[in-house]
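I opened the model to look up two interfaces. My notes are below, in the order in which I took them.

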Amino acid sequence: MVKPSLIGLAALALCAGAQAQKSTADGIAEYRKMLEDGNPAELYEAKGEALWKQKRGPKNASLEQCDLGQGPGVVKGVFVTLPRYFADTQKVQDLESRLVSCMAMLQGFDAAEVAKTPFGRGEMANVTALATWIASVSRGMRFNLPQSHPAERQSYEVGKRAFFFRAGSHDFSCATCHAEDGKRIRLQDLPNLTKNPGDGIGFAAWPAYRVSNGQMWGMQLRLNDCFRQQRFPYPGFGSEVTIALATYMGVNAKGAESIAPSIKR
Amino acid sequence: MSDPMRIRAQAAGDKVTVRVLMSHEMETGQRKDAAGKVIPAWFIQEVTATHNGKTVLTADWGPSIAKNPFLQFVVKGGKAGDKVAVTWTDNKGGKRTDEATVT
Amino acid sequence: MQTRREMLARSATVAGLLAGAGFLPLSAMAAWPQAAFDSKNMADAVKALGGGAPVESKDVSVSGPDMAENGAVVPVGCATTLPGVKRLLLLVEKNPSVLAAVFNVTDAVEANLNTRVKMGQSSNVFAVAMMNDGKVFFAAKEIKVTLGGCGG
Amino acid sequence: MHLTRLIVGGAAATALLAGCATGPSPAELDAQARQAIQSSFRDQGIAKTDRLNQDPALAACSTDKAPDEAAADRVMADALFTVKWPAGGQFVGDWRRGEAIAQSGRGMTWTDNSTDPKDNGGNCYNCHQIDQKEISYGTIGPSLWNYGKNRGITDVASPATAPIVHYTWVKLWNPRAYSACSNMPRFGHKGLLNEQQLRDVMALLLDPKSPVNQ
């Protein structure tokens, strides 16, 4: 009986292949699990909470009256509803750009100066810490971005178009890596961001502590480095495309549970 | 000034598990900046842990310890309400102490 | 059960201890075992700390993942079940500075420490137990460091 | 007032919205997106804003829908036309150098200093399994393990292998020749890898001595 034994061999070979692949995935999963207990993002959460309450800036005021979308001073729950439209700035804003607006309005900082500060430096590092703390307060809540204002719907549509826009030296778009299920770059799983990729995945995992360089990354830096790897030119902090992409991903992630701030490779 | 540590000390039975995160660059002295200049070494060299004021553990670290260091140890004979304090000292003379109450 | 936040809130800064610190006296700095950290292998590092030749032992363990997604942060631990341990060491064989950590343990803590190290490449990680009676035991584990992400 | 600076970007959007109750048409949204893209990026190092300019091959592949058959055919025909064959008919170089190129994900970002292809990697392992010994590989593209062996290549110089060799060269030079909206960069056409680097990657895939074909 030749056939059955051949099938048996083929099955064996398949198993061996699957086994090897599994052990790599298991090894990485084990590594990630070990890192979860003691996420250095906690250091930034603590810093962000202190910054929120501290009187700072030319007006020597705290951020405690900052309106992140649910009224002045409301922090719990806002993270899972951003970006959204703000009447006072007449713009759709994400968490980080909204924080800069609050720092300008309440504390008297120069918004343009803050926006052009490199990531990890000066007031930009403070924005990241603030975003980290604000995200942490909504940990375990589910994404539910508003789409009632026309500007919010438009932001989604612009974001969708930007997501599929191919350009740069390598012809990449966001969709090159993030429009299919179950794909990887190297060993890194790639979330499908054209839909809800699941609890704590993709949009629901940032801000995150990046192990590779020991930095805390908000969504603005996450997108910035995606564009760097896409070989695009440099996206401005809080620029329309970055916020529209956040709206697109955030609306798609409706119902996903936030685990931010998380820890990433 | 350096940022505070995060210290979690949890009692289970008569043992207290202490987890510490320290905010520190842990620069090895082997890396170069964008201009090709060596970034000087800057890392935590000594760590001391006390339980209710008594030293229970000291450590000497080298630059191989990861940035924003993590340390976990288990104190025998502890209980909720006890105090655990951790002090680090780096190679530039920087120093920080934080304390936590066992829960 | 307490939330993590509540636990964190209880970790208070002892600002007073910082205030008077100033520069450290030289004597305190001298305690750091420079020669051990300059050593290029386990035997030399142990020797620099006053120990003899290390012997492999099942009673010492080194923990860590089989594979690290990034060498910048690799969780590792060292432990021993042997009584009378004075020091526990963690070493990364292929790092420029092989010795990563020296833990001077007392009877008040378990001989079981966990931290995170940097690894420049796949390497053996050693846990070493230096005993009160001068004996030295060790355990080894290979940890593979892979390349994740786009690599650019 | 600092706030005004923040508002500027949204002003166009708001004006567009004011007029119509039903919301903007798809064409208006396309224009809005285009404007948003143009205004959101700036030059940084070697990554200039002219990288946002799309050629027809990019424009045809920039939505969630594939182009229609005629448009796809046009992209493929144009792509084939761009292919330059290597000097002296030398298609295959050194697989060892090819492996190094395949491993490297560097080049052409705003943190890189040069646009010279010799400073670029091929990014190959980011998306493909190649040598089975490398466990850190991506899955966006198909596995290339045993690429040459599976195609029966025992001698890269033999005339019988020419169709596979030519096909592979075209695939590396401009993959749009076979798949209009391929995710793969156009390594030759966009000057990302030079001729010698392409030969070396060819060797990694095709040389019977390459670890890929063991």
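**Conventions.** I worked from a predicted model, in which local features need pLDDT of at least 70, side-chain atom pairs count only at pLDDT 80 or more, and totals for chains, interfaces and linings use all residues. Residues are numbered from 1 along each chain as its sequence is written, chains are lettered from A and ligands numbered from 1 in the order in which they are written, and side-chain values use heavy atoms, with hydrogens and water left out.

**Chain B against chain C.** I looked up contacts, meaning heavy atoms within 4.5 Å. I found 47 residues of chain B touching 44 residues of chain C. The two chains bury about 3,900 Å² between them, 56% of it on carbon and sulfur atoms; buried area is the accessible area (1.4 Å probe) that two parts lose on being put together, summed over both. On the chain B side, Asp60(B), Ser64(B) and Phe70(B) lose the most area to chain C, together 16% of what that side buries.

I then checked for salt bridges (a side-chain nitrogen of Lys or Arg within 4 Å of a carboxyl oxygen of Asp or Glu). The rule finds one across this interface. Lys15(B) and Glu110(C) form a salt bridge, with their closest N and O atoms 2.8 Å apart.

I took strands as DSSP runs (E, at least two residues), numbered from the N terminus. Ala59(B) has Phe103(C) as its bridge partner in strand 7 of chain C.

**Domains of chain D.** The domain assignment, which is automatic or from a database, gives domain 1 (2-65) and domain 2 (82-213). Ten residues from domain 1 and eleven residues from domain 2 make up the contact. I read a buried area of about 770 Å² between the two domains of chain D, 60% of it on carbon and sulfur atoms. The rule finds one salt bridge across this domain interface. Arg186(D) and Asp55(D) meet through their side chains in a salt bridge at 3.0 Å, N to O.

Technical notes: Pairing = 2+ DSSP bridges. Helix = DSSP H or I, 4+ residues; strand = E, 2+ residues; numbered from the N terminus.
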